[in-house]
Amino acid sequence: MTSHWTDRRVLVTGGAGFLGRAVVARLEASGAEVTVPRSAEVDLRDRRATAELFSRIRPEVVIHLAARVGGIGYNQVHPAELYLDNLLMGTYVVEEA
């Protein structure tokens, strides 16, 4: 019997973060082909870059965990900037999915 995840192409945004690493490890252990885009390589706040990522990877499943965060002090000083970045990432990832 094979796993539901065996050979599935899974895109995990934020897969290098605290929660993402655990999710990626579990998916890989279940046989999924996992892609974890790094922010240094793909800016998910950019519509074109996000579309190119999806076109290249062609994921069957998307798990969106990416977020721009800071400490409490940073969050208090830059709430609108963080909100916009996270809104754009979520919008473009969902749109492409």
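Mentor: Start with a definition: on a 1 Å grid over the protein atoms alone, a pocket is an open set of points where a 1.4 Å probe fits, with protein on both sides within 12 Å along at least five of seven lines, and its lining residues have an atom within 4 Å of a point. This model is predicted: local features need pLDDT of at least 70, side-chain atom pairs count only at pLDDT 80 or more, and totals for chains, interfaces and linings use all residues. Residues are numbered from 1 along each chain as its sequence is written, and side-chain values use heavy atoms, with hydrogens and water left out.

Trainee: How many residues line the largest pocket, and which lie nearest its centre?

Mentor: The lining has 18 residues, with Gly14, Ser39, Ala66, Ala67 and Met89 nearest the centre. By class, nine are nonpolar, four polar and five charged. About 400 Å³ of space lies in this pocket, a volume being the space filled by probe spheres set on the points.

Trainee: Now Thr13. Is Thr13 buried or exposed?

Mentor: Buried means under 20% relative accessible area, exposed over 50%, partly exposed in between (1.4 Å probe, protein chains only). Thr13 has 1%, so Thr13 is buried. Thr13 sits in strand E1, residues 9-13. Strands are DSSP runs of E, at least two residues; helices are H or I, at least four.

Trainee: What does Thr13 touch?

Mentor: Contact means heavy atoms within 4.5 Å. Leaving out residues up to four places away in sequence, Thr13 touches Pro37, Leu44, Ile63, His64, Leu65, Ala66 and Val93. With His64 there is also a side-chain polar contact of 2.6 Å; the cut-off for such N or O pairs is 3.5 Å, with one atom able to donate a hydrogen and the other to accept it.

Trainee: How many salt bridges does the structure hold?

Mentor: Six. Each puts a side-chain nitrogen of Lys or Arg within 4 Å of a carboxyl oxygen of Asp or Glu. Take Arg68 and Glu81, with closest N and O atoms 2.9 Å apart. Arg68 lies in the loop between E3 (61-64) and H3 (72-77) and Glu81 in helix H4, so the pair ties together parts 13 residues apart in sequence. Arg68 also bridges Asp85 at 2.5 Å, N to O. That pair spans 17 residues, from the E3-H3 loop to helix H4.

Trainee: Which residues form the network of salt bridges?

Mentor: Asp43, Arg45, Arg68, Glu81 and Asp85. Check accessibility too: Asp85 is buried at 9%, while Arg68 is partly exposed at 25% and Glu81 is partly exposed at 37%.

How values were computed
Nonpolar A, V, L, I, M, F, W, Y, C, P; charged D, E, K, R; others polar.
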